[in-house]
Amino acid sequence: MLFEFLNPPFMQRALIAAVLVGITAPAIGIYLVQRRQALMGDGIGHIAMTGVGLGFLLSTSPIWMATAVAVAGAVTMELIRWYGHTRGDLALAMLFYGGMAGGVMLINLSDTGSNANLTSYLFGSLSTVSESDVIAIAVLAAFVVLVTVGLRRQLFAVSQDEEFARVTGLPVRVLNLLVAVTAAVTVTVAMRVVGLLLVSALMVVPVAAAQQITKSFRVTFVLSVVIGTAVTLTGTVTSYYQDVPPGATIVLLAIAVFVALTALARRRARASEAKGAECTLEVPAARRGTDDVRV
């Protein structure tokens, strides 16, 4: 049966989550790429592990607890960026590693946590996406879309040139914090499908792929969301039939799209250069003919 994968309830939930992840990750990722903070999602993913561990330890929702901890970590990262100066990198490293270590420790201390739970959050798992997870992901995804689309002009201005944005009267620090918080929310949205260790790739790779063949911010935004949605859906279905990790499959598909679009862009560039060279050769030839007539 062609659409057999739609029958299991867990796949229905996983596909809904995949669509939401495919939309939200590139939507905030484009601003991180513009700000040259492509690895920010990776750092937040490490911090969110502590939230997951707390969720198991306190017998509460790991997603909501991870959201709270990730948001707090993202705000701390922004404060370090503002005031950290030369010690900023060291402070961020301790924050990232401490977040991962704290998560592993808390999960093992809890009565309900296990290494299997840890793996599902690190690399994603289709069968563990529950109805409550889908509701939480949908609410968080709505927030991300509202911010990234509703404030796209302001966020683009801040991402391109903070000094110019400040001169024009934009609240630069507030917008920077909003980007950090939105990135943190996106990490928790994506962790059930892609996994905390791979979510940063889904925030960056579709954007990088779209940039190979687009020139405007708007077109890049739309195309990166299309690519993100396509690879998350394809990767989710592939993992169902082939029994492979969904997170790794999705990221590898995104990289494959990046390679294909890069090759297409280079091919177009070579064709354009060849056409330009032909035009350059034709003009002198025409001029020589005219000079001969005049002589």
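Trainee: At what angle do the axes of helix α1 and helix α9 cross?

Mentor: This is a predicted model, and every value here is computed from it. Helix α1 covers residues 9-34 and helix α9 covers residues 172-190. Their axes come within 10 Å, and the crossing angle is roughly 150°.

Trainee: Are α1 and α9 roughly parallel or roughly antiparallel to each other?

Mentor: The angle between their axes is roughly 150°. Angles over 145 degrees count as roughly antiparallel. Therefore α1 and α9 are roughly antiparallel.

Trainee: Is the crossing of α1 and α9 left-handed or right-handed, and which residues of α9 make the contact?

Mentor: α1 passes α9 in a left-handed crossing. On the α1 side the contact is made by Val-21, Thr-24, Ala-25, Ile-28 and Leu-32. By class, this contact of α1 with α9 has eight nonpolar, three polar and no charged residues. The α9 side consists of Val-179, Thr-182, Ala-183, Thr-186, Val-189 and Ala-190.

Trainee: How is α3 oriented relative to α6?

Mentor: The axes of helix α3 (residues 62-83) and helix α6 (residues 131-150) come within 9 Å and cross at roughly 30°. Angles under 35 degrees count as roughly parallel. So α3 is, relative to α6, roughly parallel.

Trainee: How many charged residues does the contact of α3 with α6 have?

Mentor: In α3, Ile-63, Trp-64 and Thr-67 take part, and they meet Asp-133, Ala-136, Ile-137, Val-139 and Leu-140 in α6. Asp counts as charged. Sorted by class, the contact has six nonpolar residues, one polar and, as for charged residues, one.

Trainee: Which residue forms a salt bridge with Asp-133?

Mentor: Asp-133 lies in helix α6, and its partner is in the loop between α9 and α10, 59 residues apart from it. The closest N and O atoms of the pair are 3.3 Å apart. The partner is Arg-192.

Trainee: Are Arg-192 and Asp-133 buried or exposed?

Mentor: Buried means under 20% relative accessible area. Arg-192 has 3% relative accessibility, so Arg-192 counts as buried. Asp-133 has a relative accessible area of 7%, so Asp-133 too is buried.

Trainee: How many salt bridges does the structure hold, and how far apart are the closest N and O atoms of Arg-35 and Glu-78?

Mentor: The structure holds three salt bridges. One of them joins Arg-35, in the loop between α1 and α2, to Glu-78 in helix α3, 43 residues apart. Arg-35 counts as buried because its relative accessibility is 13%, and Glu-78 is buried at 1%. The closest N and O atoms of this pair are 3.5 Å apart.

Trainee: Which helix holds both Arg-166 and Glu-163?

Mentor: The side chains of Arg-166 and Glu-163 meet in a salt bridge, with 3.1 Å from N to O. The two residues are three residues apart, about one turn of the helix. That helix covers residues 162-167 and is α8.

Trainee: How far apart in space are Ala-210 and Phe-221?

Mentor: Ala-210 lies in helix α10, and at 0% relative accessibility it counts as buried. Leaving aside neighbours within four places in sequence, Ala-210 is in contact with Thr-220, Leu-223, Ser-224, Ile-227 and Leu-261. Ala-210 and Phe-221 are 11 residues apart in sequence, and their C-alpha to C-alpha separation is 8.0 Å.

Trainee: Which word describes how α10 and α11 lie to each other?

Mentor: The axes of α10 and helix α11 (residues 217-242) come within 8 Å and cross at roughly 125°. The crossing is right-handed. The two helices are therefore, to each other, oblique.

Trainee: How many helices are there in the protein chain?

Mentor: Buried residues make up 46% of the 295 residues in the protein chain. The chain has zero strands, and the number of helices is 12.

Conventions:
Residues are numbered from 1 along each chain as its sequence is written. This is a predicted model: local features need pLDDT of at least 70, side-chain atom pairs count only at pLDDT 80 or more; totals for chains, interfaces and linings use all residues. Side-chain values use heavy atoms; hydrogens and water are left out. Axes are lines fitted to C-alpha atoms, for helices over the stretch in contact, and angles run from 0 to 180 degrees between N-to-C directions. Helices (H or I, at least four residues) and strands (E, at least two) are DSSP runs, numbered from the N terminus. Angles under 35 degrees count as roughly parallel, over 145 as roughly antiparallel, 65 to 115 as roughly perpendicular and the rest as oblique. A crossing is left-handed if the near helix is turned anticlockwise from the far one by less than a right angle, and right-handed if clockwise. Contact means heavy atoms within 4.5 Å. A salt bridge is a side-chain nitrogen of Lys or Arg within 4 Å of a carboxyl oxygen of Asp or Glu. Buried means under 20% relative accessible area, exposed over 50%, partly exposed in between (1.4 Å probe, protein chains only).
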